[in-house]
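Trainee: Could you walk me through this structure, one question at a time?

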Amino acid sequence: MSIESFDNIYLDLSKEGGKCRFAKDGFGWKPSRGGDTFTLDGSQIGGAQWSRAARGYELKILDRTSRVIQLDGFQHDDHDRLAKIFKNWYSSNLENKEHALRGWNWGKAEFTKAELTFNVQNRPAFEVPYSEISNTNLAGRNEVSIEFSLPADGDANGTAGGKGKKAAAGDDQLVEMRFYVPGTTTRKEAEGEEGGSGHEEEQNAATLFYETLIEKAEIGETAGDTIATFLDVLHLTPRGRFDIDMYESSFRMRGKTYDYKIQYEAIKKFMVLPKPDDMHYMLCVGLDPPLRQGQTRYPFIVMQFKKDDEVTIDLNLPEEELTGRYKDKLQSHYEQPLHEVVTYIFRGLANKKISTPAKDFQTHRQQFGIKCSIKASEGFLYCLEKAFIFVPKPATYIAYEQTQSVTFSRVTGAISALSTFDITVQLKNGAGSSQFSNINREDLKGLEEFFRIKGIRVKNEIDEDAKLLAATLRGEELLSSDDEVVGAKADRGSADEDEESVDEDFQAESESDVAEEYDSNHESSGDESGSAGGGESDVDDEMEVDEEEEEEEEEEERPKKKKKSKA
């Protein structure tokens, strides 16, 4: 059997090259340093395209299941050999594709069988395989956002394992792309067909683009039958109201602006937290990788339910699955408070443990949540069995095993310093710290005791400050008692002498200075002859005499100063 081999070929933007071999019954690729081998049967090859690419020339193979396989690193001389291989062995022509190189960011989007193509002047500028699209949202009236799959395994080399493996090409990855789609159009025009008789109703082009992409990329309801649906659920993070659809391997949050599709594998933590108002429960879902909304990441989803809301629901599951796969995990019928039903279904489908607040700690109001704040954001701090959790925003999770020490402190100079205190959690290995502020002083002893039970090192700066203050006050009391033994004269020291001398000097200087500079009724020596003294009192006469004497003394002193300066 004849075999054609090519070296230094990269499969689906893999990090390392490998050897690609073609035979009559199919082809295979194996990395040069060893690893998983990718193979494709010859009967599954539906077509092939040849074009320029990053490492030379690329061979793109379209299989009959709408999957795209990219082989990059060929030379120009390899074209004729590959054309003969596909024509003779796979009964398919090797199509030449020339990409648009103008660099324009406007063009026409085309939905093909296996990928979304963006064309500029009838030439493809880039293609996006449907298998690499994880989610799409209407980001605005004329804007559609597309989120790409993240790799499940960072060392993956190709698409052999499923969705998202192509994204494992490097450390920097494209995770989102947005299209601006103006105007209106019909469904046939959106799919590249000619408009028929014109009876088809026109729709918003962005909405039609979004709906077509959901259908082609198999996002949403095409993931399978809905097992359960909860409508209009309030979310504190990300903020808004979403409908929740529960599927076999994922759940979907549908809002007015954003939709999210989340795999159960991404759920790492699930917590049920009672709110201190005795009226609500919060369900906190920890995700890895986190949820993305534009440039914002949400590692936790926080839902809020009323405590008294009850629901009756029947799960859309056959009896054999309930008695087999989901035995002792799910029930066919629920008639309980809403937050409990959502918790049970998440636990059964995602197979995750439910965490609740530790029983060893309660606040002075007999609640589990401690009202506090991170910087300017108010929320509640919960002490779980193995970690702290602050909700709703920014949701912060700190495991006890990552905690080096906890410091109780009080902000000096604050008005509420006597009634509140702060907690600073220092992480191990210099990983930083988190501070929780404005905690009620009555919860200090309970928290300190709880941390000691968990074996966490505690440093109480509040008690240290109190001891220093008490020592200072005792010292001042001793000083004051010694001062009382001394006579009253000794208490003043030289203050009497200082006060007398200062008063005399101040009056003499202030009267003359103030009279000359600021008194609008002051009369100078040149105006003495014109002053009327008939209505003046004796005190005014004495003041005038004093002023005249002072002016004469100044006039006598001025010439002397001038002579000295001249000398």
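**Aromatic pairs**

Mentor: Let us start with the rings: the count comes to 28 aromatic pairs. Please keep in mind that this is a predicted model.

Trainee: What kind of aromatic pair do Phe 388 and Tyr 400 form?
Mentor: Planes over 60 degrees apart count as edge-to-face. The centres of Phe 388 and Tyr 400 are 5.0 Å apart, and with 90° between the planes the pair is edge-to-face.

Trainee: Where do these two residues lie, and how many residues apart in sequence are the parts that the pair ties together?
Mentor: Phe 388 is in strand β28, residues 387-391, while Tyr 400 is in the loop between β29 and β30. Both Phe 388 and Tyr 400 are buried. The pair therefore ties together parts whose separation in sequence is 12 residues.

Trainee: Which residues do ring pairs link into a cluster?
Mentor: Here the answer is a list of Phe, Trp and Tyr residues. Ring pairs link Phe 6, Phe 22, Phe 27, Phe 38, Trp 50, Tyr 57, Phe 74, Phe 86 and Tyr 90.

**Strands and sheets**

Trainee: Which residue in the turn between β10 and β11 has a positive phi?
Mentor: β10 and β11 run antiparallel and are joined by six bridges, and Val 120 has Arg 123 as its bridge partner in β11. This hairpin has two residues between its strands. The one in the turn with a positive phi, about 55°, is Gln 121.

Trainee: Which strands stand at the edges of the open sheet of seven strands?
Mentor: The order in this antiparallel sheet is β20-β19-β18-β17-β23-β22-β21. An edge strand here has a single partner strand, so one side of it is left without a neighbour in the sheet. The strands at the edges are β20 and β21.

Trainee: Which residue in β23 stands opposite His 235?
Mentor: β17, residues 228-237, and β23, residues 296-306, pair in the antiparallel sense over three bridges. The residue opposite His 235 is Met 303.

**Core and cysteines**

Trainee: Which element gives the largest share of the largest nonpolar core?
Mentor: This core has 39 residues, and Phe 230, Met 246 and Phe 251 have the most contacts inside it. Elements giving two or more residues include β17, β18 and β22. The largest share, seven residues, comes from α5.

Trainee: How many disulfides does a search of the whole structure find?
Mentor: Look at Cys 372, which is buried, with a relative accessible area of 3%. A disulfide needs sulfur atoms within 2.5 Å. The closest cysteine sulfur to that of Cys 372 is in Cys 383, and because the distance is 9.6 Å, it is too far for a bond. Over the whole structure, the number of disulfides found is zero.

Methods. Residues numbered from 1 in each chain as written. Predicted model: local features only at pLDDT ≥ 70, side-chain atom pairs only at ≥ 80, totals over all residues. Heavy atoms only, no water. Pairing = 2+ DSSP bridges. Helix = DSSP H or I, 4+ residues; strand = E, 2+ residues; numbered from the N terminus. Core = buried A, V, L, I, M, F, W, Y, C linked by side-chain atoms within 4.5 Å. Buried < 20%, exposed > 50% of the residue type's maximum accessible area, 1.4 Å probe, protein only. Phe/Tyr/Trp six-rings, centres within 6.5 Å; stacked < 30°, edge-to-face > 60°.
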